[in-house]
Amino acid sequence: VDLEAKTPFFGMSPGDVLNVEPQGGGGYGDPLSRIPQSVAEDLRKQKISEPTAAEIYGVVLTDGAVDVGATEQLRRRMRGDRVSRGVIDDPAPPIPTDATPLYTLGDSFEVVEAAGRKYFRCGGCRAPLGPSTEPWKPHAARIDLRPEEVLPLIKLDPSMAITQHACPSCGISLDVEIRRQGEAPLVDVIIRSEEHTSELQS
(Lines give C-alpha, C1' and ligand atoms only; values in the text may rest on other atoms or scores of the structure.)
Protein backbone atom coordinates (compact mmCIF):
# COMPACT_ATOMS: atom_id res chain seq x y z
CA VAL A 1 0.00 0.00 0.00
CA ASP A 2 1.42 3.40 -1.00
CA LEU A 3 0.63 6.21 1.45
CA GLU A 4 0.27 9.82 0.38
CA ALA A 5 2.80 12.34 1.68
CA LYS A 6 2.18 13.40 5.30
CA THR A 7 -0.58 10.84 5.89
CA PRO A 8 -1.83 11.77 9.39
CA PHE A 9 -3.22 8.46 10.70
CA PHE A 10 -3.14 4.88 9.48
CA GLY A 11 -3.48 1.49 11.10
CA MET A 12 -0.88 -1.24 11.36
CA SER A 13 -1.17 -4.87 12.39
CA PRO A 14 1.40 -7.30 13.81
CA GLY A 15 3.78 -8.33 11.02
CA ASP A 16 3.25 -5.17 8.94
CA VAL A 17 6.37 -3.43 7.65
CA LEU A 18 6.56 0.37 7.24
CA ASN A 19 9.12 1.51 4.67
CA VAL A 20 9.94 5.24 4.66
CA GLU A 21 12.01 6.71 1.81
CA PRO A 22 12.79 10.38 2.50
CA GLN A 23 14.14 12.41 -0.40
CA GLY A 24 17.39 14.29 -0.18
CA GLY A 25 17.81 18.05 -0.31
CA GLY A 26 17.63 20.02 -3.51
CA GLY A 27 21.38 20.51 -3.72
CA TYR A 28 23.17 23.63 -4.96
CA GLY A 29 23.70 24.79 -8.51
CA ASP A 30 23.12 23.17 -11.87
CA PRO A 31 23.63 19.38 -11.72
CA LEU A 32 25.17 19.60 -15.21
CA SER A 33 27.92 21.78 -13.72
CA ARG A 34 28.88 19.31 -11.00
CA ILE A 35 32.44 17.97 -11.16
CA PRO A 36 32.15 14.65 -13.04
CA GLN A 37 34.64 12.92 -10.76
CA SER A 38 32.40 13.76 -7.78
CA VAL A 39 29.51 12.06 -9.55
CA ALA A 40 31.69 9.00 -10.17
CA GLU A 41 32.56 8.96 -6.46
CA ASP A 42 28.86 9.03 -5.59
CA LEU A 43 28.36 6.00 -7.80
CA ARG A 44 31.24 4.15 -6.12
CA LYS A 45 29.64 4.89 -2.73
CA GLN A 46 26.29 3.64 -4.09
CA LYS A 47 24.63 7.02 -3.47
CA ILE A 48 23.35 7.10 -7.06
CA SER A 49 22.90 4.68 -9.94
CA GLU A 50 24.65 4.82 -13.30
CA PRO A 51 21.42 5.89 -15.10
CA THR A 52 21.02 8.75 -12.59
CA ALA A 53 24.61 9.85 -13.26
CA ALA A 54 23.73 10.22 -16.94
CA GLU A 55 20.13 11.42 -16.76
CA ILE A 56 20.47 13.95 -13.90
CA TYR A 57 24.15 14.93 -13.94
CA GLY A 58 24.97 14.32 -17.59
CA VAL A 59 27.98 12.18 -16.68
CA VAL A 60 28.89 9.16 -18.81
CA LEU A 61 30.73 6.44 -16.90
CA THR A 62 32.54 3.43 -18.32
CA ASP A 63 33.43 0.79 -15.72
CA GLY A 64 33.05 3.49 -13.07
CA ALA A 65 35.42 5.93 -14.78
CA VAL A 66 34.37 9.24 -16.35
CA ASP A 67 34.30 9.32 -20.14
CA VAL A 68 35.29 12.98 -20.52
CA GLY A 69 34.45 13.39 -24.20
CA ALA A 70 31.09 11.64 -23.97
CA THR A 71 30.23 13.61 -20.81
CA GLU A 72 30.94 16.96 -22.48
CA GLN A 73 28.86 15.94 -25.50
CA LEU A 74 25.93 14.74 -23.37
CA ARG A 75 25.93 17.89 -21.25
CA ARG A 76 25.92 20.12 -24.34
CA ARG A 77 22.95 18.20 -25.69
CA MET A 78 21.07 18.36 -22.37
CA ARG A 79 21.58 22.12 -22.07
CA GLY A 80 20.47 22.50 -25.68
CA ASP A 81 17.33 20.50 -24.89
CA ARG A 82 16.50 22.97 -22.11
CA VAL A 83 16.74 25.87 -24.53
CA SER A 84 14.60 24.14 -27.16
CA ARG A 85 11.96 23.06 -24.58
CA GLY A 86 11.88 26.37 -22.76
CA VAL A 87 9.27 29.06 -23.22
CA ILE A 88 10.49 32.66 -22.99
CA ASP A 89 7.56 34.80 -21.90
CA ASP A 90 9.31 38.13 -22.44
CA PRO A 91 12.71 38.19 -24.21
CA ALA A 92 15.09 40.55 -22.44
CA PRO A 93 16.49 43.59 -24.28
CA PRO A 94 20.26 43.70 -24.83
CA ILE A 95 22.52 44.97 -22.06
CA PRO A 96 25.02 47.69 -23.02
CA THR A 97 28.34 46.16 -23.96
CA ASP A 98 30.24 48.35 -21.50
CA ALA A 99 28.32 46.99 -18.49
CA THR A 100 30.44 46.56 -15.37
CA PRO A 101 30.06 43.37 -13.26
CA LEU A 102 29.08 44.16 -9.67
CA TYR A 103 28.50 40.82 -7.94
CA THR A 104 27.09 37.35 -8.37
CA LEU A 105 23.97 35.74 -6.94
CA GLY A 106 24.44 32.01 -6.58
CA ASP A 107 26.88 30.43 -9.00
CA SER A 108 25.24 31.25 -12.36
CA PHE A 109 23.69 34.67 -11.99
CA GLU A 110 25.33 38.10 -12.29
CA VAL A 111 24.34 41.68 -11.53
CA VAL A 112 25.96 44.30 -13.78
CA GLU A 113 25.64 48.06 -14.16
CA ALA A 114 25.65 50.34 -17.20
CA ALA A 115 24.77 54.04 -17.40
CA GLY A 116 23.55 54.01 -13.81
CA ARG A 117 21.15 51.08 -14.30
CA LYS A 118 21.53 47.56 -12.98
CA TYR A 119 20.77 44.41 -14.95
CA PHE A 120 20.61 40.66 -14.40
CA ARG A 121 22.52 38.37 -16.76
CA CYS A 122 23.65 34.76 -17.02
CA GLY A 123 26.97 34.19 -15.30
CA GLY A 124 27.93 31.59 -17.89
CA CYS A 125 27.35 33.20 -21.29
CA ARG A 126 26.35 36.75 -20.21
CA ALA A 127 22.92 36.55 -21.86
CA PRO A 128 20.61 39.36 -20.64
CA LEU A 129 17.90 38.58 -18.09
CA GLY A 130 16.32 42.00 -17.75
CA PRO A 131 16.62 45.08 -15.52
CA SER A 132 17.29 44.38 -11.85
CA THR A 133 14.22 46.39 -10.82
CA GLU A 134 11.83 43.76 -12.17
CA PRO A 135 11.50 39.95 -11.93
CA TRP A 136 13.99 38.11 -14.14
CA LYS A 137 12.13 34.84 -14.65
CA PRO A 138 9.89 36.03 -17.53
CA HIS A 139 13.12 36.63 -19.49
CA ALA A 140 14.46 33.11 -18.87
CA ALA A 141 13.58 29.82 -20.57
CA ARG A 142 10.70 28.33 -18.55
CA ILE A 143 10.57 24.52 -18.54
CA ASP A 144 7.86 22.40 -16.97
CA LEU A 145 9.53 19.34 -15.46
CA ARG A 146 8.15 15.91 -14.73
CA PRO A 147 9.00 14.69 -11.20
CA GLU A 148 11.19 11.88 -12.54
CA GLU A 149 13.32 14.46 -14.37
CA VAL A 150 14.30 15.91 -10.99
CA LEU A 151 14.92 12.67 -9.09
CA PRO A 152 13.73 9.13 -9.87
CA LEU A 153 11.76 8.60 -6.63
CA ILE A 154 10.06 11.99 -6.34
CA LYS A 155 6.26 12.06 -6.23
CA LEU A 156 4.28 15.26 -6.66
CA ASP A 157 0.68 16.10 -5.80
CA PRO A 158 -1.29 16.82 -9.02
CA SER A 159 -2.07 20.32 -7.74
CA MET A 160 1.63 21.23 -7.79
CA ALA A 161 4.09 21.93 -10.61
CA ILE A 162 7.88 21.81 -10.93
CA THR A 163 9.31 24.61 -13.06
CA GLN A 164 12.90 25.13 -14.10
CA HIS A 165 14.21 28.48 -15.32
CA ALA A 166 17.30 28.27 -17.52
CA CYS A 167 19.43 30.69 -19.45
CA PRO A 168 17.67 31.21 -22.81
CA SER A 169 21.03 31.17 -24.58
CA CYS A 170 23.34 28.54 -23.04
CA GLY A 171 20.76 26.50 -21.10
CA ILE A 172 22.46 26.60 -17.70
CA SER A 173 19.94 26.04 -14.88
CA LEU A 174 19.25 29.20 -12.88
CA ASP A 175 16.36 28.08 -10.68
CA VAL A 176 13.99 25.20 -9.96
CA GLU A 177 10.79 25.89 -8.03
CA ILE A 178 7.74 23.98 -6.87
CA ARG A 179 4.47 25.93 -6.87
CA ARG A 180 0.74 25.41 -7.31
CA GLN A 181 -0.53 24.77 -10.82
CA GLY A 182 -1.53 28.02 -12.51
CA GLU A 183 0.35 30.32 -10.14
CA ALA A 184 2.84 32.84 -11.47
CA PRO A 185 6.55 32.11 -10.97
CA LEU A 186 7.92 33.03 -7.56
CA VAL A 187 9.62 36.42 -7.34
CA ASP A 188 12.87 35.75 -5.52
CA VAL A 189 14.98 38.88 -5.95
CA ILE A 190 14.60 42.47 -7.08
CA ILE A 191 17.40 45.01 -6.73
CA ARG A 192 16.45 48.63 -6.26
CA SER A 193 19.16 50.58 -8.02
CA GLU A 194 18.66 53.75 -6.04
CA GLU A 195 19.08 51.98 -2.70
CA HIS A 196 21.56 49.27 -3.67
CA THR A 197 19.51 46.75 -1.71
CA SER A 198 18.00 43.35 -2.41
CA GLU A 199 14.33 42.69 -1.78
CA LEU A 200 13.57 39.06 -1.12
CA GLN A 201 9.93 38.17 -1.47
CA SER A 202 8.32 35.01 -0.15
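Is Asp 81 buried, partly exposed or exposed?

**Before selecting anything**

This is a predicted model, in which local features need pLDDT of at least 70 and side-chain atom pairs count only at pLDDT 80 or more, whereas totals for chains, interfaces and linings use all residues. Residues are numbered from 1 along each chain as its sequence is written, and side-chain values use heavy atoms, with hydrogens and water left out.

**The whole chain**

Show the protein as a cartoon, and four helices and twelve strands can be traced; helices (H or I, at least four residues) and strands (E, at least two) are DSSP runs numbered from the N terminus. The C-alpha trace spans about 70 × 45 × 25 Å along its principal axes. Of the 202 residues, 33% are buried, where buried means under 20% relative accessible area, exposed over 50%, and partly exposed in between, with a 1.4 Å probe and protein chains only. Among contacts with a separation of 6 or more, 44% join residues 24 or more positions apart, a contact being heavy atoms within 4.5 Å.

Switch to a surface view, where the protein exposes about 12,700 Å², of which carbon and sulfur atoms supply 52%; accessible areas come from the Shrake-Rupley method with a 1.4 Å probe, and for residues only the protein chains shown count as cover.

**First stop: a nonpolar patch**

Select Val 1, Leu 3, Phe 10, Met 12, Leu 18 and Val 20, which together make a nonpolar surface patch of about 650 Å². Such patches are made of residues with over 30% relative accessible area and no salt bridge, with nonpolar side chains (Val, Leu, Ile, Met, Phe, Trp, Tyr) joined within 5 Å and like charges joined within 9 Å. Val 20 is placed in the segment before helix 1 (36-44), and at 59% relative accessibility Val 20 counts as exposed.

**Second stop: salt bridges**

The whole structure holds 14 salt bridges, each being a side-chain nitrogen of Lys or Arg within 4 Å of a carboxyl oxygen of Asp or Glu. Begin with Asp 30 and Arg 82, whose closest N and O atoms are 2.8 Å apart in a salt bridge. Asp 30 lies in the segment before helix 1 and Arg 82 in helix 3 (residues 68-85), so this pair ties together parts that are 52 residues apart in sequence. Both partners are buried, Asp 30 with a relative accessible area of 4% and Arg 82 with one of 10%.

Next select Asp 42 and Arg 34, whose side chains meet in a salt bridge at 2.7 Å, N to O. Here Asp 42 is buried at a relative accessible area of 11%, while Arg 34 counts as partly exposed at 29%.

Now return to Asp 81, which forms a salt bridge with Arg 77, the closest N and O atoms being 3.2 Å apart. The two residues both lie in helix 3, four residues apart, or about one turn of the helix. As for the opening question, Asp 81 is partly exposed, with a relative accessible area of 33%, and Arg 77 is likewise partly exposed, with 49%.

To finish this stop, select Arg 85, Arg 146, Glu 148 and Glu 149, which are linked in a network of salt bridges.

Centre the view on Pro 131, in strand 7 (residues 128-131), a residue that is buried with a relative accessible area of 11%. Apart from neighbours within four places in sequence, Pro 131 is in contact with Arg 117, Lys 118, Tyr 119, Phe 120 and His 139.

**Last stop: two loops with positive phi**

Arg 126 lies in the loop between strand 6 (117-122) and strand 7, and has a positive phi of about 70 degrees although it is not a glycine. Arg 126 is exposed, with a relative accessible area of 56%.

Then move to Gln 46, in the loop between helix 1 and helix 2 (50-55), where phi is near 60 degrees, again a positive value in a residue other than glycine. Gln 46 is exposed, with a relative accessible area of 72%.
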